[in-house]
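Hello,

Here is the structure I said I would hand over. My notes on what was found in it follow below.

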Amino acid sequence: MQLDRSTPPSAGPLPAPNFPAIQRYKLSNGLPVYCISFGTEDLVELQFNYAAGHSRESQTGLANLTSRMMIEGTRSYDSLALSEMLDFYGASIDIESGFESTTFSLTSLTKHLTPSLELLEEILFGPTFQEHEFKIYIQRSLQQLEVEEQKTTYIARKNFSRHLFGADHPYGRFTGKSEIIQIRLPQLVQYYAEYFAQGPQFILACGRFDTEVLLDGLEHYFGKNIYSGKNIPSAAQSSMVLSAAGIHEYPIKDTLQSTIRAGHLAIPRNHADFNRLQLVNLIFGGYFGSRLMKNIREEKGYTYGIGSSLTGLRYSGYLGISTDVANEYIAPVKHEIIFEMQRMQRELVSREELDTARNYFLGILLSRRETLFQIGEIVRNALSNELEFSDIDKAFRELPKMTPEDIQTLARKYFHPEQLVWVIAGKSGALTPTSTPNSFTSN
Amino acid sequence: MKKIEYQQFQLNNGLRILVHEARHIPKVVVNLLYKVGARDEDPSLTGFAHLFEHLMFSGSKNIPSYDTPLQKVGGENNAFTTNDITNYYLSLPSNQLETAFWLESDRMLELDFSQRNLDIQKSVVIEEFKQRYLNQPYGDAHLLLRPLHYQVHPYRWPTIGMELSHIEQATLEDVQKFFYGYYAPNNATLVVVGDTKADTVFKLAEKWFGDIPQRVLLKKPLPIEPPQQEARIKTVTKEVPYIGVYKAWHIPGRMHPDYYALDLITDLLSGGRSGKLYQALVKEQQIAHQVQAFSWNAYDPGMISLDGKIAPGHTIAEYEFAVQQVLEEVMEVSEKDLQRVKNKAESSAEMEFTSLMNVGLGLAIGDSLGNPELINQTLPSYLQVTKADIQRVISTYLIPKNSSTLYYQPHHAA
């Protein structure tokens, strides 16, 4: 029988989501520990989450630098000894310091977890903040950033949040050269005492482990320290947003391409419309089959890639678009971005386009629950954005019901082309300057 | 580490099929590797294998759009081209596995060759070239290092191509010739990993790929790089803040037994924060603010490269001296240091194989090198490396007359 190659094989429904169970425990000092048993490899990832970040610092960069200096020497080990021991056990510690929180993630083979825990206890509760290590760190960071300063992508990223949220808003902050230069070691010691010394907000364990053994280890190293459990307020909750719509150019000499970053304010991660608006964004510019990608890359060949994303933070959020384009395409690309945003508001999407994007979205959500690291990140985001665990699968309940009319309604409610903040790093003068940037404020 | 189990099968047209079953989530990954890369290109048409990879997404004989039907069943895909291979991979919900067979078999059967698609992908690739290599400080360093390191072997150009004009010149006729000469069942390995059964996969493979004819391959023997006789040095001056030093030594290809000791040396040098180069040059002496060693696991003889940026106030001579000292120190590696990089290799392997995609790629690469067991033999091979091996390979390969160095000088050099 001749094979019919033009008709797709019949497709069944997507498999049902099955997020692994999350167990909640408490150490004797009250510190919450979340455990997720997941995966086939004998690995474990432990995340220690602190309420420290841009929204809880008096000077930009304090949370970031304090956390990084914590692994550069402790009461019993110097920086080299710590690195060598961690590497000896095949373990690694990653530090992520963002707007609202700072996380230390320890990844280790399960069989080597105990010695790694001891080292982590030293790092979290016994950092010594040596002047010598601080100087080396600052000098190296400044030299590396000097190279970054020549990249259009870096310059655009660095300035985008400031124009989007305003320089005085915690979400407008960026730790660049000029911020690092101003930081002194005693400030880090002080910051540590205020934001790290009282212990993490929670511990999250994901991987293959014996829960009892793990809890015993955590109790031994982290159950006896002080745990205040107090909620440190975020400045982002009360700061005024001052968004500067319009064009902001950052000329860079002899550049072949320019980076465009555009965006405007949207909704926080825990907003009721967030998942649904993510689907709107997906159709607009959020995946390879999106309108921005089809129009600007696949039909016109203006760029290697263009994408938009909906970023949900704890107290705010934004729609952001980003691309690198040849200098001569800056103006046409800007035109097409606005055209596509308005088209989302003007016309109904077809059922076909909606189904494709939704199935893709849900398929990806299922697919990105593959590794312990992905599972751990999903749970950490839920915890730090104060989502209910039952909301982790909310998109699977909400999105199948969405209609083309819903997409249009959301696009009309949340897309505001006239409020876009445009940052162009690279060639200047390609766009007709708007007279004065318009400001939009909100709380 | 647990052994990665798999079953294998070959169709009459030569297509190799490997299956690894893993049922912890309802997902499958399909990895289709074609044994063609930039090393197979004509020297006057470099960058072509990668340009061709882009065209593989522009529709095939019976399916006008590759991406949409896959997205519609909740799947995603991507591809990459190296100097040796072109690799396509998809992930999708496990009950949609057949969609992957439908899509991949149609584009192996015949592409929708169109001038318009070619023109658009040429401009996309030209923007990619600029974005990745030309519009970054030091972005072209490895583009310049390669032709210094290789004089005759086609590894002398990168996958993106030697220059933009080669991409601009590609014709539709080149595209067709390349397709029929390399995109053949007898030049490919298909790996399926995840929530499925080997029997199901073999049946699907027979159904969708079974009637694709074997093709006459364009594969030709590649020139062999002659042994290097003396150190090569090149200097360029550009608008950058610091002196960059890019050094390469010839090493044997991926299947050579010395590969493992050489790769562990790069870990001793710069793997993790305890790496010897990082400790000596960045932290103790502060001669460099960045230094990184890589081993390139090429199919043909490859390279260990050592990239560094010199801190202001220090000189190339100081840097070179410090690097040499560290290499001598590594010759006398302690048992503890050697154990450390082996332990790191073990945990890296565990981490790598948490991803189905990495398992699929690992199996495909091994198979394309003629040994699918490579995925299980790699970690034990690292664990067997001795101090004597480390000493032998350093004195055999990491010596000045086997090296090429590119000095990337700022305009306002101190």
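**Domains and chain contact**

In this predicted model, 29 Å separates the C-alpha centres of domain 1 of chain A and domain 2 of chain A. Domain 1 of chain A covers 23-230, and domain 2 of chain A covers 240-442.

The two domains touch: domain 1 of chain A brings 29 residues to the contact and domain 2 of chain A brings 31 residues. On the side of domain 1 of chain A that touches domain 2 of chain A, the elements giving two or more residues are β2 (32-37), β3 (43-50), α5 (152-165) and β6 (202-207) of chain A. Of these, α5(A) gives the most, with ten residues. Sorted by class, this side of domain 1 of chain A has 14 nonpolar, twelve polar and three charged residues.

The other contact to look at is the one between the chains. Chain A contributes 56 residues to it, and chain B contributes 60 residues. On the side of chain B that touches chain A, at least two residues each come from these elements of chain B:

- the helices α2 (67-72), α3 (97-109), α4 (115-134), α10 (276-284) and α12 (335-352)
- the strands β5 (86-93) and β9 (288-296)

Which element gives the most to the side of chain B that touches chain A? That is α4(B), with eight residues. By class, the side of chain B that touches chain A is made up of 25 polar, 19 nonpolar and 16 charged residues.

Regards

Key. Residues are numbered from 1 along each chain as its sequence is written. Chains are lettered from A and ligands numbered from 1 in the order in which they are written. This is a predicted model: local features need pLDDT of at least 70, side-chain atom pairs count only at pLDDT 80 or more; totals for chains, interfaces and linings use all residues. Domain bounds come from an automatic or database domain assignment. Two residues are in contact if their C-beta atoms, placed from the backbone, lie within 7 Å. Helices (H or I, at least four residues) and strands (E, at least two) are DSSP runs, numbered from the N terminus. Ala, Val, Leu, Ile, Met, Phe, Trp, Tyr, Cys and Pro count as nonpolar, Asp, Glu, Lys and Arg as charged, and the others, Gly among them, as polar.
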